[in-house]
Amino acid sequence: MNVKQYDAIIIGAGFAGLYMLHKLRERGLSARVLEAADGVGGVWYWSRYPGAKCDSDSIYYSFTFSEELYKKWRWKDRYASQPEILQYLNFVADELNLRPDIQLKTRVTKAKFQEEAKQWEISTDQGEIFEAKYLISGVGCLSTTNIPPFEGSESFKGEQYHTGRWPHDKVDFTGKRVVVIGNGSSGVQTMQEVAKEAKEMTLLMRTPHYVAEARNHPLSKEEQEQAINNYKDIREAFFNTPGGIRLYTTGKSATAFSAKEQKEKLEHIWETGGLSLGSVFTDVSANKEANFVVSQFVRDKIDEIVEDRDTAQLLHPNYYITTKRLIIGTNFYEIFNEDHVHLVSLKDNPIERIVENGVQLKNGTVECDVIIYATGYEAMTGSLLKIDIEGRNGKTIQEKWEDGRNVKTYLGLMMESFPNLFMITGPQSPSVLTNMPAAIEQHVDWVDQCIEYLEEKGIQTIEAQKESELEWAKQCDDLANQTLYPYTNSWYTGANIDGEQRGFVIYVGGLNNYKAICDQVAANDYEGCTFEKLQSNVL
């Protein structure tokens with residue numbers, strides 16, 4: 001069999017894969033991106049559900065490594081929609097001439113480290129074999145769909161969709177009875193659109209979430225030009241703010257304000273829109289008193305908006321705000337005032353099975369023509385665990401991470417026993433708590449500089465030391481334990497899959513602090529890592 005040789009193989013053609021390819025080509029290395037889809041875009045290729053949008057202001061949802069590239073693009077809306085983001089990523093691929101080195105319709109099925117050759121052998125579903133010194137994962141944190149194994153789903157006579165694998169053609173809900181299972185970000189965004197068409201729409205809800213008002217709107221020409229002129233400030237925010245984006249903050253604890261002042265600040269955020277409910281006070285994620293102020297504000301808003309008292313109560317979240325993903329929506333709570341929109345709490349009336357005409361609950365059946373699974377993803381680790389990755393001595397990533405129950409990484413970037421394997425926005429990095437393009441740029445830049453170091457020093461392999469992994473895991477846990485995050489089961493911990501709390505696999509200290517740690521590791525000749533140098537042939 002013909003084995004194709006490259007310096008690096010990159011998995012995935014989303015934001016991470018495109019930028020990583022660009023950097024390695026600039027370095028003069030041969031690189032190939034392998035992408036399962038038939039187009040670039042990563043998660044934005046697949047997540048075509050109605051209403052799909054980013055939750056960072058679009059002016060920050062761009063690459064900033066090139067001022068010229070940044071200034072060539074104009075976003076249409078405050079929060080960009082999936083079609084526009086996909087158009088942007090295709091624009092990037094074309095502007096940087098990346099397509100010749102991207103191989104589509106190719107899924108990586110196995111990657112094995114060859115001890116003797118010090119190379120990765122990568123197998124695909126097309127029967128191809130690649131060999132490369134470096135293997136770089138750009139598979140993303142939210143790309144492997146989670147469809148709960150509901151009994152009887154194959155018997156349903158209607159249409160079934162998952163928000164993470166939506167058809168390319170428009171789905172028409174006119175005159176149909178629609179059930180939506182799940183009300184995370186994709187569920188909220190989907191319901192806002194489906195409610196406009198469906199004859200009946202029923203949300204089957206396990207856990208109510210905090211939904212902040214987005215205040216999305218088309219960007220005026222003046223706003224677009226202002227974003228272009230503010231390039232340097234936006235670039236600076238990428239790496240010098242906790243979330244890689246400028247959000248409104250008072251810079252003070254909630255306790256520094258009177259109750260009247262607190263409400264005024266929160267009303268300002270509700271009216272201007274966005275994710276700043278989590279940043280308005282410096283201690284929202286760490287102080288129960290401050291968190292209650294913000295949480296109760298949203299619950300009061302629900303009571304103001306939703307006319308039916310029982311429905312409003314069901315929509316009240318009872319966990320600490322920000323400890324699950326904060327969602328932004330457009331008039332989401334208002335849809336529950338419409339006669340054709342219904343809400344069922346699965347806590348009191350759980351799903352028993354799918355039947356041919358709908359969803360059978362403990363108490364009754366919700367008949368429908370369409371079921372939409374907005375049940376999220378096997379977040380953080382799922383996409384990597386779906387690939388058969390084998391490191392030194394036959395150790396698989398599934399064994400190392402105990403199928404996701406005991407994640408071990410160093411900086412979220414690399415692992416012991418897996419030489420020259422880099423993970424972009426991997427578990428135990430800031431990843432989903434940030435503006436993702438900012439986190440991706442920081443990671444790609446670090447990986448690129450690490451590879452430069454290895455090449456210049458004639459080093460064959462780099463991998464994390466076991467002690468470094470243990471220390472990094474402790475650091476992540478210690479930081480998380482200073483916050484309110486561990487009090488809540490969420491997909492941040494993998495608990496959405498089987499209800500099992502798996503430990504906090506996100507660095508919560510902020511992208512700015514994380515970058516400083518990564519930069520220090522690099523400045524200290526990649527301390528915490530083990531190297532193998534090239535063997536000299538000189539006698």
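Which residues touch the most other members of the largest nonpolar core? They are I136, F422 and W446, in a core of 73 residues. The model is predicted, so to speak from the start: local features need pLDDT of at least 70, side-chain atom pairs count only at pLDDT 80 or more, and totals for chains, interfaces and linings use all residues. Residues are numbered from 1 along each chain as its sequence is written, and side-chain values use heavy atoms, with hydrogens and water left out.

**Overall build**

- The protein chain comes to 16 helices and 20 strands, taken as DSSP runs numbered from the N terminus (helices are H or I with at least four residues, strands are E with at least two).
- The C-alpha trace spans about 85 × 55 × 45 Å along its principal axes.
- The radius of gyration is 24 Å, which agrees with the value near 24 Å for a compact globule of 539 residues; it is taken over C-alpha atoms, and the globule rule is 2.2 Å times the number of residues to the power 0.38.
- Of the contacts with a separation of 6 or more, 70% join residues 24 or more positions apart (contact means heavy atoms within 4.5 Å).

**Cores**

- A nonpolar core here is a set of buried Ala, Val, Leu, Ile, Met, Phe, Trp, Tyr and Cys residues joined through side-chain atoms within 4.5 Å.
- Leaving aside residues up to four places away in sequence, I136 touches A8, I9, I10, I11, M20, L24, F422, I424, V447 and I451.
- There's also a second, separate core of 54 residues, with A52, L277, V370 and A374 among them.

**Burial, surface and charge**

- Buried residues make up 59% of the protein chain (buried is under 20% relative accessible area, exposed over 50%, partly exposed in between, with a 1.4 Å probe and protein chains only).
- The protein chain exposes about 22,300 Å², and carbon and sulfur atoms supply 46% of that, by the Shrake-Rupley method with a 1.4 Å probe.
- Side chains come to 57 positive and 78 negative, yet the centres of the two sets lie 1 Å apart; Lys and Arg count as positive, Asp and Glu as negative, with His and the chain ends not counted, and charges are placed at NZ of Lys, CZ of Arg, CG of Asp or CD of Glu.

**Backbone spots to check out**

- Most residues other than glycine have a negative phi.
- N420 has a positive phi near 60°, sits in the loop between α12 (397-400) and β18 (421-423), and is buried at 0% relative accessible area.
- S431 has a positive phi of about 30°, lies in the loop between β18 and α13, and is likewise buried, at 0%.
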